Amino acid sequence: MLHLKHVLPKISLVATAVAATILLSGCGDDAAPAGTVTLKTAFNQSENNPQYKALVSFSDKLEAATNGRYKLEIHPNELLGDQRASLELVQSGAIQMAVVANPLVENFNKNFSVLAMPYVYDNPEHQRKVFTSGVLDSLFASTKGTGFEVVTAYTAGARSVYTKGAAVKNPSDMQGKKIRVMQSDTMIKMLSCMGGTGVPMGQGEVYSAIQQGVLDGAENNEITYADLKQYEVAPYFSTTRHVMVADLLVANESFLAKMDEGDRELFRKLAKESTQTQFELWDKALDGARQVAKDNGATFTEVDIKPFQERCKPLQSAMLTTPEQKALYEKIRELAE
């Protein structure tokens with residue numbers, strides 16, 4: 001169900017300031033050829049991120065397929081504001097597109113929460129099938145009337161547990177272990193159903209907390225694990241893959257409505273294709289991160305997630321509060337291998 005009370009009718013001060021800057025300066029890269037419509041696109045991370053590279057590929061293909069009528073102008077590193085401000089800018093039409101975290105869109109339709117439930121996906125391939133199969137099309141279209149539409153989803157990776165002392169292979173190995181989680185009640189409950197204890201903590205404190213014995217480990221994706229060198233204090237990475245995060249590519253609703261029908265179909269098709277590209281780029285980045293961690297002494301252990309899934313079913317049931325959420329959950333599970 002669409003919760004219109006959550007629609008942001010007023011643009012925040014940050015978004016307003018950014019919109020003014022865009023209008024005054026053009027906020028542009030190199031000037032586009034005459035007749036080209038430039039789609040200003042906000043992105044909160046760096047040019048090295050697989051999502052950014054997928055957007056570049058999307059832009060190149062869109063420009064070629066439309067004979068130069070459309071191209072993306074991608075602004076990384078929160079140059080157009082954080083994700084909330086970027087979503088507001090898309091709603092207002094100040095920019096055309098942005099990549100935003102799934103929880104921001106949950107504010108408009110609670111059914112989006114199903115995409116980030118613990119153990120809703122069996123593995124990354126299952127998530128890819130869900131994102132590219134069309135099963136989410138009606139969900140993505142449900143934000144129409146709020147100023148934006150979701151055009152596709154990108155993966156932000158699978159979160160797994162990493163520990164000091166020994167690897168985690170089953171729920172009994174989690175007993176008594178204090179694992180850092182994001183500051184989220186759902187994440188705390190998830191660690192409990194997995195057999196451990198979730199300790200909410202800022203990311204900047206994790207390394208020293210594990211080193212000092214305050215924590216037994218943490219959970220995150222392999223790229224963050226390697227980038228933050230947490231393999232130095234928690235060298236046992238166990239692929240529990242308990243949560244697979246979604247980021248959403250959103251586009252201004254009025255912009256989409258005004259596109260020529262043929263161009264709009266091309267736009268939607270290439271947006272979905274960019275999801276496949278992004279998964280491939282993410283896999284390559286994961287391979288590099290794993291190798292860095294292994295070269296520095298980390299051990300990776302493949303985990304049978306079924307015992308964890310079974311233990312977390314009561315939490316899943318508690319999170320599925322509407323018939324629409326239950327139906328969406330079943331559709332996602334049907335795509336599991």
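Over which residues does pLDDT stay under 50, with twelve contacts beyond four places in sequence in the model? That stretch is residues 23-30.

The protein averages a pLDDT of 91, and 90% of the residues score at least 70. Residues 1-11, on the other hand, have a pLDDT below 50, and this stretch has 28 contacts in the model beyond near neighbours in sequence. Where pLDDT is low, the predicted coordinates should not be read in detail.

Now to the covalent cross-link. The count comes to one disulfide, which joins Cys 193 to Cys 312 with an S to S distance of 2.0 Å. The link of Cys 193 and Cys 312 is right-handed, with 75° about the S-S bond. The pair connects distant parts of the chain, 119 residues apart: Cys 193 sits in helix H7 (residues 185-194), and Cys 312 in the loop between helix H12 (306-311) and helix H13 (313-319). Cys 193 has a relative accessible area of 12%, which means that Cys 193 is buried. Cys 312 is buried too, at 1%.

The structure holds 15 aromatic pairs, and two of them are set out here.

| Ring pair | Distance between centres | Angle between planes | Geometry |
|---|---|---|---|
| Phe 43 and Tyr 52 | 6.2 Å | 45° | tilted |
| Phe 108 and Phe 148 | 5.0 Å | 80° | edge-to-face |

Phe 43 and Tyr 52 are both buried. As for the other pair in the table, Phe 108 lies in the loop between helix H4 (102-106) and helix H5 (124-132), while Phe 148 belongs to strand S4 (residues 148-163), so the pair ties together parts that are 40 residues apart in sequence. Phe 108 counts as buried because its relative accessibility is 1%, and Phe 148 is buried with a relative accessible area of 0%. Elsewhere, ring pairs link Tyr 162, Tyr 225, Tyr 231, Phe 237 and Phe 300 into a cluster.

Is Asp 263 buried or exposed? Its relative accessible area is 6%, so Asp 263 is buried. Asp 263 is part of helix H11 (residues 261-295). Setting aside neighbours within four places in sequence, Asp 263 is in contact with Thr 66, Arg 69 and Tyr 70.

Terms used:
Residues numbered from 1 in each chain as written. Predicted model: local features only at pLDDT ≥ 70, side-chain atom pairs only at ≥ 80, totals over all residues. Heavy atoms only, no water. Helix = DSSP H or I, 4+ residues; strand = E, 2+ residues; numbered from the N terminus. Buried < 20%, exposed > 50% of the residue type's maximum accessible area, 1.4 Å probe, protein only. Contact = heavy atoms within 4.5 Å. pLDDT = per-residue confidence, 0-100. Phe/Tyr/Trp six-rings, centres within 6.5 Å; stacked < 30°, edge-to-face > 60°. Disulfide = S-S within 2.5 Å.
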